[in-house]
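Hi everyone, thanks for coming. Could you bring up the model on the screen, please, so that we can walk through it together?

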Amino acid sequence: MNPSTAFGTVFADELVRCGVREAVLAPGSRSAPLALALFDRALSGRALSGRASSGRASFGRAPFGRGIQEGSAWVDPGGHALGPLLRLHVRIDERSAGFLALGLAKASRRPVVVVCTSGTAAAHLHAAVIEADEAGVPLIVLTADRPPELRGTGANQTIDQLKLYGGAVRWFCEAGVPEARAGMAGYWRSLACKAWALASGAGGAFPGPVHVNVPLREPLVPQHGIAGEPDDDGEPDDAGEPDDAGEPDDADEPGIAGEPIGADGWPEPLGGRPGGAPWTNFGIASPAEPPMASLMRPAAAALAGPAAALAGPATGFAGLELDWTQRGVIVCGDGAGPAEQLLELAELAGWPVLAEPSSGARRGPNALSAYPYLLETPGFVAAHRPELIVSAGRPGLSRSQLAFLTAAGPAGHQVRHIVVAQGPGRWADPARTATDVVSGIRLRELTGTGLAGAAARRGRPWLESWQRADAAARGAVDAVLDQTGPLTEPRLARDLAAALPDGALLWAASSLPVRDLDQQMAPRAGLRVLASRGASGIDGLVSSAIGAALAHQAGGGGAAFALLGDLAFLHDAPGLMVGPAEPRPDLCVVVVNNDGGGIFSELEQAAIPGPFERVFGTPHGADLGQLARAAGLPYARLDHLADLPALLAGSGLRIIEMRTDRAAGAALRALLRQQAAAAIGTAPSSGWFRVPGSG
Ligand SMILES: Cc1ncc(C[n+]2csc(CCOP(=O)(O)OP(=O)(O)O)c2C)c(N)n1
Ligand SMILES: [Mg+2]
């Protein structure tokens, strides 16, 4: 075995031991050792049938072609455990590969490996790395590189890959060039464990991307590489023959179960720890678990001692006791985490929940359906000044929401603004009005009756006033949506979110899709909404949705859907090109095609008519049906709302297009705002909470 192959085999084995279950790669020659090792370690579509039909000989004791699936693990024909499953995904375009990994990691909350070759390939992963950094998504990025002696020489496909992603990664490491000498196995295995741990957020860090740059010297394929040949110019030297007998070529090569190897003059055993254990354990109970898990239970028992005693281990920040009798509002931004405790707290305290679609908290009795309209109505906002705001996740979807948080500042109304940290060292405070950053909250209990009893006695005028206004806005908006003839974007968002079955996943694209959902989606349980709100790009969204759908379904989740604008769809057109051997999700991609960027018609730019259409509107006239056909995907047009259930009921990866008009959409949204404001203005108010002098 050559050193590059040994490295790839051991590193892939160790990553799986750590817990990696999904790996994405884009093709290249320099990355061959990693690609071949992941392939051998993976469950490919063909291996699912338990048959070896590869065109390449297996070079280790990998499950491919030899094992059968039993539960979540592979066993050999003798019933011996071979190791846990790994799923491999191959994409042509590294940008799509990166975002596929991002979607997989986001939905599974586990680190996902993404591998590419040297050169510009590595640069194409940068956008996904940035989104992963901002959103706290665990990625292990492995970029193959030329060895040091070839760098800076004008050698083919050689660029400076050191710290390529700058500050966007939790950890960068330049691995040493693999060598056949003692100590390497421990080095490689410990390196893989460190990458896993730092991506997962072990040791009190925020989960995110890590980058290991891997210089590899030829030979790059088992036994047959020829040093000195230019690579990336074709097939590896030896594509190999199928191993029909299903036997390993060399029984002494490293095994999944960790058998020592000693042939080929390799100086030490390459196997891992016994029993499939990782080289280094970090005690990560639940990798990348969102920090809201650390939120305290609200007043389960009478409190004693200082609030600092409530500090949760996950973020390092202290916990906080709050007075539930104050007028509070809970604002949930993207990725607020498992929100049960926050929602329970809201119910006990009688606080409204203003939850973005991808917060995970838009459900339960206190979540509002039309809150963006309330926050856009100055009279309502003036009459509903909270005494405290609790924000969680990463708010920032709408200007009115940001204005609401900004008004909490010292120059405003002296509102206490408590930010629940997203993780260690991470909290979102875009308005810079946070008065406290905490790991969790609980409510100060009144003596005797308990919180629930006290809350029931007190009544809920504050909450009810928000709810009345919300119902009024919802009613007015629904009336307009129901009366408008053709299918519109806001109506599609409302009806889609309501129509999806329990257990479904909905990927919401940046731009108007996620904002339409924010304005129109009725709170509901049973629907998982995900979005890329870290950097809010319109890039990589087809692939991210595919990755999220694959992970959602691998985890037992139900059908998956994506709501995308046309520019977002076109931006990641390569994401549609899923090869025949690749895992495919059940995912219905609904594209709202308004022939350009509809969001710009909502912004100030729309008032500059000359250049507007070309430089902001960006019409393209693309035929999305042809594009779907080019990718070999089923495609249908949605022209009538009545057809929606039938179209959504399909299976597999498929495209639905709904054509709309940007100008008409802008006019409709203006009408909705106007009608909502009028309805909110007439909503009966208790006056209980009125700020003196606010009218
Ligand atoms: C990678 C990236 N490039 C540019 C932008 C700026 N941007 C925000 S929304 C938008 C238009 C999106 O158009 P589309 O996906 O069709 O959605 P629509 O606005 O029509 O709802 C653009 C270009 C961005 N967010 N991300
Ligand atoms: Mg558009």
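Let's start with ligand 1: there are 16 residues around it, and Leu-512, Gly-565, Leu-567, Gly-597 and Gly-598 come nearest. Here, near means that a residue's C-beta atom, placed from the backbone, lies within 6 Å of the molecule. Before I go on: this is a predicted model, where local features need pLDDT of at least 70 and side-chain atom pairs count only at pLDDT 80 or more, while totals for chains, interfaces and linings use all residues. Residues are numbered from 1 along each chain as its sequence is written, and chains are lettered from A and ligands numbered from 1 in the order in which they are written.

Back to that shell. Helix H15 (512-520) and helix H17 (566-571) each supply at least two of its residues, and H17 gives the largest share, three residues. When I say helix or strand, I mean DSSP runs numbered from the N terminus, with helices being H or I of at least four residues and strands E of at least two. By class, the shell around ligand 1 has six nonpolar, eight polar and two charged residues. For the classes, Ala, Val, Leu, Ile, Met, Phe, Trp, Tyr, Cys and Pro count as nonpolar, Asp, Glu, Lys and Arg as charged, and the others, Gly among them, as polar.

Next, how much of helix H14 (residues 489-499) is covered? Mostly covered is the answer, with eight of its eleven residues buried. The buried ones include Arg-491, Leu-492 and Arg-494. Buried means 20 or more other C-beta atoms within 10 Å of a residue's own, exposed means 12 or fewer, and partly exposed is in between, with C-beta atoms placed from the backbone.

Now for some backbone details. Most residues other than glycine have a negative phi, and most peptide bonds are trans. With that in mind, look at Gln-157, whose phi is positive, near 55°. Gln-157 sits in the loop between strand E7 (139-145) and strand E8 (171-174), and is partly exposed, with 19 other C-beta atoms within 10 Å.

Ser-536 also has a positive phi, about 55°, without being a glycine. You'll find Ser-536 in the loop between strand E18 (527-530) and helix H16 (541-554); with 17 other C-beta atoms within 10 Å, Ser-536 is partly exposed.

Finally, Glu-218 and Pro-219 are joined by a cis peptide bond, with omega about 5°. Pro-219 belongs to the loop between strand E9 (209-215) and strand E10 (319-322).
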